[in-house]
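Today I open my notebook on a new model and look up how some of its parts sit together. Come along and check each entry with me.

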Amino acid sequence: MLSLRVSDIKQYLYCPRVVFFTYVCPVEKKITRKMEYGKEEHVELDRLEKRRTFRRYRLEEGERKFHTRLYSTRLGLEGMLDMHIVSRGECIPVEFKYSSQEPALNHKYQLVAYAMLLEDTYNIPVRNGFLYLIPGTEVYPVEVTPNSRDFVKETLRKIRRMIKTELFPGPPRGQGRCVDCEYRNFCRDMR
Ligand code: SF4
């Protein structure tokens with residue numbers, strides 16, 4: 001089974017072509033300012049988060065673990081999780097996102113995929129996680145439901161099928177996504 005990354009799920013749900021350009025027809029993409037800024041914010045958050053209580057995560061206590069590499073042979077999936085909290089037999093994934101808007105669906109499913117990786121690592125059920133939006137400090141709870149797990153598995157199947165068949169996928173429904181896309185020069189049917 002081809003090993004995929006959690007970020008592939010996020011990208012595929014944003015636009016399948018991004019994953020096509022990564023695995024089937026690699027091209028050199030531009031590093032955007034947004035990507036660089038996001039990295040700096042992550043470093044700062046690690047420092048601030050260490051001093052905060054666990055109340056915002058609906059916990060009284062716990063242990064934070066930062067930048068954990070996770071892998072599941074069962075799912076053929078790997079990823080680097082920003083933070084997770086271990087507390088009394090519970091495990092909660094937290095992903096930091098650079099965004100001024102409410103979390104998008106692809107970010108929610110990325111978090112569900114991390115929850116599934118944590119389950120395989122700790123061998124305990126993970127029922128929810130949080131998306132932490134930066135540069136603000138809001139956290140959004142995300143429920144890890146049976147349907148959301150099935151959706152993640154189905155997305156992994158679709159990605160593997162696309163890579164195997166090497167079929168160039170169609171563009172996303174909203175062409176607004178193309179405006180700030182680092183692959184824009186390679187999608188000649190997009191204006
Ligand atoms: S330019 Fe548009 S269609 Fe092309 S990869 Fe980016 S989002 Fe997808």
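Before I sort anything, I note the classes: Ala, Val, Leu, Ile, Met, Phe, Trp, Tyr, Cys and Pro count as nonpolar, Asp, Glu, Lys and Arg as charged, and the others, Gly among them, as polar. I also remind myself that this is a predicted model.

**Entry one: the ligand.** I looked up what surrounds the ligand and found twelve residues. The closest are C15, R17, C178, C181 and C187. Sorted by class, the shell around the ligand holds nine nonpolar residues, no polar ones and three charged ones.

**Entry two: α1 and α5.** Next I turned to helix α1 (residues 6–14) and helix α5 (residues 146–165), whose axes come within 10 Å and cross at roughly 80°. Angles of 65 to 115 degrees count as roughly perpendicular, and α1 and α5 are therefore roughly perpendicular to each other. On the α1 side I listed D8, I9, Y12 and L13, and on the α5 side V152, T155 and I159. I sorted the residues of this contact into five nonpolar, one polar and one charged.

How far apart are the axes of α1 and helix α2? I found 5 Å, with a packing angle of about 130°; helix α2 covers residues 16–23. The two helices, α1 and α2, are therefore oblique to each other. Here α1 brings D8, Q11, Y12 and Y14 to the contact, while α2 brings P16, V18 and V19. My tally for α1 with α2 is five nonpolar, one polar and one charged.

Terms used: Residues are numbered from 1 along each chain as its sequence is written. This is a predicted model: local features need pLDDT of at least 70, side-chain atom pairs count only at pLDDT 80 or more; totals for chains, interfaces and linings use all residues. Axes are lines fitted to C-alpha atoms, for helices over the stretch in contact, and angles run from 0 to 180 degrees between N-to-C directions. Helices (H or I, at least four residues) and strands (E, at least two) are DSSP runs, numbered from the N terminus. Angles under 35 degrees count as roughly parallel, over 145 as roughly antiparallel, 65 to 115 as roughly perpendicular and the rest as oblique. Two residues are in contact if their C-beta atoms, placed from the backbone, lie within 7 Å. A residue is near a molecule or strand if its C-beta atom, placed from the backbone, lies within 6 Å of it.
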